[in-house]
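Please open the model in your viewer and keep the selection tool at hand.

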Amino acid sequence: MQPLTLGKIHVSRVVEVEGPTSPRFLFPDLTPEDLRPYLQWLAPHFYTPADDRLRMSIHSFIVRTPHHTILVETCLGNDKKRTTPNWNMRSGPFLQDLRAAGVDPARVDFVLCTHLHVDHVGWNTRLQDGRWVPTFPNAKYVFNRTEYEFWQQAADADQAETFRDSVLPVMEAGQVLLVDGEYEIVDGVWLEPTPGHTPGHCSVHLTSSGAEGVVTGDMMHHPLQILEPERCSRFCQDVPLARRTRRAFLERYADRDVRIIGTHFFPPTIGRVVGHKDTWRLAI
Ligand SMILES: [Zn+2]
C-alpha cells in the first residue's frame with residue numbers, strides 16, 4: 001500500500017501476515033462460480049481465479065497527526081496460544097517492522113481496536129518474564145464499551161483466552177479508555193460505530209483539511225462485500241445488523257471522495273466506493 005496523506009494526517013501500513021487464503025475460511029459456501037461475475041473488479045489484487053484464492057492481509061495502520069501517533073488494529077501478536085494453526089504461538093517480526101517504519105512503541109499515544117477479535121488485539125500485549133504486559137507502555141487503548149463488556153462475558157473458550165492475554169492486561173495496567181458511540185480521539189480522528197460483525201464494532205474516521213478516509217474494520221473483510229453487501233463472514237455475530245450497517249456505510253460513502261481503507265484488504269488496500277449496477281464496487 002502506498003502511504004496515504006489526508007490533509008495533515010498520514011496513514012501507512014505494517015503487515016503481520018498477508019497472502020492467499022481459501023475463500024471458505026471466511027465465506028463457507030462461496031464458490032468460484034459466485035466470483036466469476038466480479039473478476040474484472042476483484043482480480044488480480046483481491047482474488048486469483050487460477051488457484052481460487054482470496055488475497056487478504058492482517059495489518060496495522062500507523063496514523064500520524066501533527067501531534068500524535070496512533071496505531072489502528074494490533075493484529076495477532078507473538079507467543080499466543082490459538083486454535084487456528086497459523087495463528088498459534090507466532091514469533092513474527094512485527095515489532096521490528098513497526099520500528100523500521102519509524103514507530104517506537106514507547107511513543108505511541110493511542111491504540112485503537114475496531115473490535116476485540118483475535119486478529120485485532122494481539123499486539124496490545126507482549127510476553128515479558130512470563131507475564132503479558134502492554135506493548136505500548138505510554139498509550140491509551142481506546143475500546144468501545146459495549147464491545148468490551150460483551151467480550152468480558154465471553155463464553156467461548158478461545159475468545160476468553162484472547163480477552164485474558166490481550167485485553168485484560170491493558171485494563172489492569174490502567175491504560176484503557178472505554179467510550180460510547182461516536183468518539184473523537186484527537187482532532188479529526190474518531191470512532192464511528194458500525195455494529196453487527198460484533199456488538200460494539202467501530203470504524204475509524206479520519207478527516208483533515210477537507211480530505212476524508214475511513215478504516216473499515218471487519219464491517220467488511222473483502223471488496224467482494226461491496227459488490228454483495230448481503231454477504232457476511234462466518235464470524236459475524238449479528239448477521240441482519242451487519243448487513244444493514246454495511247449497506248448504510250456504502251450508501252453514506254458511495255461516489256464521494258472518501259478513501260475506504262480496508263483492515264483486511266490486500267494492497268492497494270485503499271479505494272473509493274462507486275455505484276455499480278444495483279450495488280457498488282471498490283475503485284482502486
Ligand atoms: Zn479481522
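The tour below visits a metal site, then a helix, and then some aromatic rings.

The model is predicted, so local features need pLDDT of at least 70 and side-chain atom pairs count only at pLDDT 80 or more, while totals for chains, interfaces and linings use all residues. Residues are numbered from 1 along each chain as its sequence is written, and side-chain values use heavy atoms, with hydrogens and water left out.

**The zinc ion**

Select the zinc ion together with Asp119, His120, Asp218 and His264, whose atoms OD, NE2, OD and NE2 are its protein donors, at 2.1 to 2.2 Å. Donors are N, O and S atoms within 2.8 Å of the metal (3.2 Å for Na, K and Ca), and because water is not among the atoms, sites may look incomplete. Along the chain, the donors of the zinc ion have the spacing D-H-x97-D-x45-H. Two of them join distant parts of the chain, since His120 lies in helix 5 (residues 118-121) and His264 in the loop between strand 15 (258-261) and strand 16 (270-276), 144 residues apart. Helices (H or I, at least four residues) and strands (E, at least two) are DSSP runs, numbered from the N terminus. His120 and His264 are both buried, a word that means under 20% relative accessible area, with exposed meaning over 50% and partly exposed in between (1.4 Å probe, protein chains only).

**Helix 10**

Next select residues 239-253, which make up helix 10. Which residues of helix 10 are buried? They are Ala242, Thr245, Arg246, Phe249, Leu250 and Tyr253. These residues lie on the same side of helix 10 because they cover an arc of only 130° around the axis, the arc being that of the directions from the helix axis to the C-beta atoms. Turn to the other side of helix 10, and you will find Arg244 and Glu251 exposed.

**Aromatic rings**

The structure holds nine aromatic pairs, and Phe249 with Tyr253 forms an edge-to-face pair, 4.8 Å centre to centre with 65° between the planes. Rings of Phe, Tyr and Trp (its six-membered ring) pair if their centres lie within 6.5 Å, and planes under 30 degrees apart count as stacked, over 60 as edge-to-face and the rest as tilted.

Finally, select Phe25, Trp87 and Phe235, which ring pairs link into a cluster.
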